[in-house]
Amino acid sequence: MGKVTEMNHPLIKHKLTFIRDINTGAKEFREMVKEVSMLMAYEVTRDLPLEEIEVETPIQKTKSQVISGKKLGIVPILRAGLGMVEGMLNLLPAAKVGHVGLYRDPETLEPVEYYCKLPSDVEERDLIVLDPMLATGGSAKAAIQFLKDRGATAIKLACLIAAPEGIKVVQDAHPDVDIYVGAIDEKLNDHAYIVPGLGDAGDRLFGTK
Ligand code: PRP
Ligand code: URA
């Protein structure tokens with residue numbers, strides 16, 4: 001079963017409060033989504049393997065550690081996942097970025113794929129799938145499956161806010177995927193929105209309605 005890590009850093013909790021606030025405008029919302037994503041990158045990459053290399057300081061040669069192992073890829077689920085890309089890239093500048101376009105059909109609530117463009121060596125990369133919201137889990141479950149169908153084998157999922165229902169759906173469908181979440185909320189409402197959540201992440205990021 002994939003591990004679930006809920007962020008407990010005060011800076012993340014503080015910023016999530018203002019991300020949730022209905023009075024926060026699009027500019028501040030985008031800025032704070034970026035900042036929380038950057039802080040989450042720290043936790044999501046905690047288990048990256050290290051190797052020792054030799055480096056010469058102004059004083060002498062020494063051994064010091066650098067990240068080794070597989071290359072990284074980040075994969076935002078369009079649209080709202082785009083809001084998390086810049087923050088992640090700030091800490092992981094060498095990562096390549098793939099995109100999976102999905103929207104949730106408002107009638108069936110089922111995810112519909114409309115775009116997929118991934119790094120050509122996706123099967124060699126450690127992938128971090130980004131989506132601010134994990135609600136029913138349908139979108140994340142489908143996006144992860146698209147990645148696996150294209151050869152990906154090492155996948156993590158990073159979300160700002162998750163409902164327990166969505167976490168269970170991803171864990172059941174993809175027990176190999178660890179989930180990193182800013183906050184786990186109470187439940188879904190009748191329209192499959194997260195309660196209390198933050199509303200519609202895409203609309204708040206991009207000013208649509
Ligand atoms: C939102 C959100 C997730 C999805 C979560 O996207 O960004 O992708 O809903 O819901 P789920 O867990 O029930 O699938 P939406 O479908 O509204 O599309 P958008 O990002 O284009 O606004
Ligand atoms: N998508 C969102 O943007 N918000 C929710 O609460 C659920 C799905």
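**View 1. Alanine 201 and its neighbours hold polar contacts with ligand 2 in this predicted model.** A polar backbone atom of alanine 201 is 2.8 Å from an oxygen atom of ligand 2; a polar contact here is a pair of N or O atoms within 3.5 Å. Isoleucine 194 also brings a polar backbone atom to 2.8 Å from a ligand 2 oxygen. With glycine 199, a backbone N or O atom lies 2.8 Å from a nitrogen of the ligand. On its own, ligand 2 exposes 240 Å², and the protein buries 88% of that (Shrake-Rupley areas, 1.4 Å probe).

**View 2. Here's the shell around ligand 2.** By class, the shell has six nonpolar, one polar and two charged residues, with Gly counted as polar and Tyr as nonpolar.

View 3. Threonine 136 has a polar side-chain atom 2.5 Å from a ligand oxygen, while alanine 135 uses a backbone N or O atom at 2.9 Å. Taken alone, ligand 1 exposes 500 Å², 90% of it buried by the protein.

**View 4. Strand 6 (99-104), strand 9 (133-134) and helix 4 (138-149) each give two or more residues to the shell around ligand 1.** These elements are DSSP runs (helices H or I, at least four residues; strands E, at least two). The shell has six nonpolar, five polar and three charged residues.

**Notes.** Residues are numbered from 1 along each chain as written, and ligands from 1 in the order written. Local features need pLDDT of at least 70, side-chain atom pairs 80 or more, and side-chain values use heavy atoms, without hydrogens and water.

Technical notes:
Near = heavy atom within 4 Å. Polar contact = N/O pair within 3.5 Å; in protein donor to acceptor, adjacent residues only side chain to side chain.
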